[in-house]
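Me: Let's go through this one by question and answer. Please show me the sequence and the structure before we start.

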Amino acid sequence: MRKNIQIHNQKFQLHPLGGLFWEEKSLLLISDVHLGKVSHFRKFGAAVPRKAIHKNFLLLDKIVSDFQPFQICFLGDLFHSSLNKEWELFENWVGKTPAEILLVAGNHDIIAPEKFEKLKISIFPELVIDSFLLTHHPEEREGYFTFCGHIHPSIKLKGFGRERIKLPCFFKSNNQMILPAFGQFTGTHSLDPKDSDEVFAIVEDSILKV
Amino acid sequence: MNQKNLFNIAENWFQEQDWKPFPFQKESWNAFLEGKHGLLNAPTGSGKTYALWFPIVLNYIKNNPDYKTKHKKGLKAIWITPLRALSQEIKQSAERITQDLETQMTVGIRTGDTSAKERAKMRTNMPDLLITTPESLQLLLSSKDYKKTFKNCSAIVVDEWHELLGTKRGVQMELGLSRLKTICKDLRIWGISATIGNLEQAREVLLGPTSPELENSVLVKANLNKKITVKSIIPKEMETFPWRGHLGLHLLDQVVPIVNNSKTTLLFTNTRSQCEIWFQKILEKYPEFAGEMAMHHGSINKETRLWVEQAIRNESLKAVVCTSSLDLGVDFAPVETVIQIGGPKGVARFLQRAGRSGHRPGKESVIYFLPTHAIELVEASAMQKAVLNSAVEDRIPYLNSFDVLIQYLTTLAVSNGFFPDEIYPEIKQTFCYQTLTEEQWQWLLNFLVMGSQSLKSYDEYKKVEVEEDGKFKVNSRAVAMRHRFQIGTIVGDATISVRYQKGGYIGSIEEYFISKLSAGDVFTFAGRNLEFIRIKGMAAHVRNSSKRTNKVPSWMGGRLSFSAKMSELLRQELYTAELEFDQQSEEIQALQPMFSKQREESLVPQPHQFLIETFKTRDGYHHMFYPFEGRAIHEGMSSLLAYRISLLTPITCSLAFNDYGFELLSDREINIQEILDNNLFTPEYMLSDLQKSLNSNEMARRKFRDIAVISGMVFTGYPEKGVKMKHLQSSSELLFDVFRDFEDDNLLYQQAFTETFEHQLEEGRLRLALERIAEQEIVWKKCTQPTPLSFPIITDRLREKLSNEKLADRIQRMINKLTK
């Protein structure tokens, strides 16, 4: 179950897998996939289950087939580490994915740009499209609405009977939306919303506004 | 030299000191010199070190008759101590013997505190007698050519074995011993243990259940009957004594006369934060103690601790507020009185602490029990009976700890490498792995080499490699280095050191506490008020402050549970509430006001009754159950019951428990009648229900954290090098989920559940408890407000959660509540 919202008169859909789709531009935004993390751990002798590697690609396939976008823009931390064999799996995925792929580089993206260029992926430090700014680190800039990642936001909810729950979320303030981490083997950081903030929590396969 | 001559040497030495050897000491010398292995049951301060250092030295004399002129180099004996703080003391007593007997033997210490330079020196030149910790022994096994080092070692003594037994460090010790048995030509294995319930088993675990060593061993008991007097500190005004709490400060004024009347008093607290607070409060109210009082706990820097220990011996201190850091070792003759603040949660521990006082032969030990809340008076009274009957707990040894085995095998692979066919039989002889199957063994080997059970071309997993001749070996220096840092099985919370800006080290605190402070906040630590400045690397910088504060760091103290015996005594004690006044103990008499309050809406249960209370507060609907079986059993029972209720109707609840009972707290009312009608306390299908209930809560997840670290799946970072432990925390959490989703047949993942059953929930006792409830009459009291019995439980913030409702439903309710 997706959630539709409007920002600056443009239509966006929030997907429970953690991606955001800009209808007018047919652009899919995805942040913090951290590909290669499982392989990275294994290379250093930490036996994280190998099957977890494939999960990220399966989820990417799913969200791409749900929206069929013209373009996919990764908002940084696409690859977790230096080059490892998971790159080959990524190459395969890029090969079979029809959309054009862009990358706004994040702090984890240390793989040489040439490797991306070979796959026809363009890299940007940031992107401006109309009145929207696409970055990895959160940043508020006058006149723009920012989409970013980096934080891996989550929200803590409290209920009667001392109930507590933590959920990954899309975290929207007046001029900025922080996307949740798309990657499977990643943690979250919980944020405290102010009254003016809007929080869209991912609850299993739906999006709930909190 | 024959046995008699050797004995003469020892007895002469004792005569020179004006001492006479105890029978147990002679018995140990004898057995040792006859080549026997054994377990010595003797308390701290009884001369146990002389019981074993002596035969070790005598054995050397026997084999080297010209010992006074010629020195045969090389390691002769290893003394294992669980606490490195004790190693100095042990060294001194060893040196006394080696020097007085004019041997040229050398004594050395090797622990985590030993400098790299000294360690390097030891590599080429080992002392004759080595004092070390279980972890450091493992490190020795990870060095090249360790076989040569140990070849001529004739004895290994494991001191305070009761402290290691029942922990994974004990398992680590079992594995180390299994290797030494093979590589040492003529080895005697000895353990020293305080009194525990399962001494015979302790010997079996030390030596191996089917081993020739066990066959050729003895159990030596010191049997020093010591008189222990337990007195309760009973509040003068019971009406104002709190129903809950864990500090006990209400009784501070009654403590002071006790301290004044005795030469030196030790005040034992259960946690380090409690220790800090008591120290602070006594000085605030009785400033005249300044200079005569000190504090001792594990987070204070070593120099200060050593100073305090020395000051106790010099009789220059009137009182010391301390934690379990003063439980072991170190003989403090001047201590006359011990005060235990709050329930010690264990008879063995209580006895050990009592034994801290009146150390001189023939003197009685006096221990005061200071209750921190009303119901603890019942515990105080029960504890007196327990001491009278020496109702001491068992220490349950671990079985099939795959994580420790993985760590050990990696250790061997890091040193010279190992051949599985050679190691497997050694491991099968240990207590821990006696039931290890060939399949499990193969699984572990695969895991070491491939990080899984099959090979895939894209996988770059790298740790242990199999060489052409079939040897398992670590060839990467980086892997070896990381592994050496990781050796050790105690997984504490991440700690951060506290320093002044100019570098003075004050102590260490859990990172969790520091992470909640912001610059300028003032907190109390090591008896000082400190202002937090910033975090730099793995250190928190502070400066002294004159501001008052109530922030005291909290440390996660182990929450121990009552044993079956102690729970039984506790129930018996509580049942006396219905007796005539003059037949009651003074503790129970003092509780009269609380019992009357309890009876207003509910009752004080009798042997044939099982009490359930329900009431509502602004926290939610409370459902209280009182089996009086000890914390561990209540943890399991609450989880089981919540699971069974969830089969009737979807619920979400949080669980809290203490030694008296447990609570299910929910945002909606649970129908107790339905629980009774459906017979939800039945022992039938207990195991499978319990198993299912575990899947829905956090217990196994927490166990997994330690397993992931010990088995090397999560790297904790280099010490003091700024790799924050937060990283470890979140990644072991994530790991657990990944295993659940992708590899739930992994032995390490499954171990988390087995450990929860066997070590946390004590499945066997739980069944007995349920059978007892089945025979009781169930009394359900609907109350309008919390009762005194319920109070300590409902105010506990450390809770388990359980839910089988749809997540979306729960969240919708939370959102509705927010927007109401």
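**Loops, helices and cores**

Me: Which is B:Glu315: buried, exposed or partly exposed?

Reply: Count 20 or more other C-beta atoms within 10 Å of a residue's own and it's buried, 12 or fewer and it's exposed, anything in between and it's partly exposed, with C-beta atoms placed from the backbone. B:Glu315 has 13 such atoms within 10 Å, so the label is partly exposed.

Me: And what kind of model is this?

Reply: Residues are numbered from 1 along each chain as its sequence is written, while chains are lettered from A and ligands numbered from 1 in the order in which they are written. Local features need pLDDT of at least 70, side-chain atom pairs count only at pLDDT 80 or more, and totals for chains, interfaces and linings use all residues, this being a predicted model.

Me: Back to B:Glu315: what is its phi?

Reply: B:Glu315 sits in the loop between H14 and strand S11 (319-322) of chain B; helices (H or I, at least four residues) and strands (E, at least two) are DSSP runs, numbered from the N terminus. Most residues other than glycine have a negative phi. B:Glu315 isn't a glycine, yet its phi is positive, at about 60 degrees.

Me: Which is B:Asn400, buried or exposed?

Reply: B:Asn400 is another non-glycine residue with a positive phi, near 45 degrees. Its place is the loop between helix H16 (376-388) and helix H17 (402-414) of chain B. It has 21 C-beta neighbours inside 10 Å, so B:Asn400 counts as buried.

Me: Which residues does B:Asn301 touch, ignoring those up to four places away in sequence?

Reply: B:Asn301 lies in the loop between strand S10 (293-296) and helix H14 (302-313) of chain B, and is partly exposed with 17 other C-beta atoms within 10 Å. Contact here takes C-beta atoms, placed from the backbone, within 7 Å. By that rule, B:Asn301 touches B:Tyr505, B:Ile506 and B:Gly507.

Me: What about B:Lys565 and B:Glu629, C-alpha to C-alpha?

Reply: B:Lys565 is in helix H22 of chain B too, and is partly exposed, with 18 other C-beta atoms within 10 Å. In sequence B:Lys565 and B:Glu629 are 64 residues apart; in space it's 9.5 Å.

Me: Why is H6(B) called oblique to H9(B)?

Reply: Axes are lines fitted to C-alpha atoms, for helices over the stretch in contact, and angles run from 0 to 180 degrees between N-to-C directions. Helix H6 (residues 134-141) and helix H9 (residues 168-183) of chain B have axes that come within 10 Å and cross at roughly 40 degrees. Under 35 degrees would be roughly parallel, over 145 roughly antiparallel, 65 to 115 roughly perpendicular, and the rest is oblique. That's why H6(B) to H9(B) is oblique.

Me: What is the handedness where H2(B) passes H3(B)?

Reply: The axes of helix H2 (residues 23-33) and helix H3 (residues 48-63) of chain B come within 8 Å and cross at roughly 35 degrees. A crossing is left-handed if the near helix is turned anticlockwise from the far one by less than a right angle, and right-handed if clockwise. H6(B) and H9(B) cross left-handed. H2(B) passes H3(B) in a crossing that is right-handed.

Me: How many residues does the largest nonpolar core have?

Reply: A nonpolar core is a set of buried Ala, Val, Leu, Ile, Met, Phe, Trp, Tyr and Cys residues joined through C-beta atoms within 7 Å. In the largest one, B:Ile156, B:Val157, B:Leu267 and B:Val321 have the most contacts inside the core, whose residues number 207.

Me: How many residues does chain B give to its contact with chain A?

Reply: Chain A gives 30 residues, and among the elements giving two or more of them are helix H1 (37-43) and strand S12 (163-173) of chain A. For chain B, the number of residues is 40.

Terms used: Contact = placed C-beta atoms within 7 Å.
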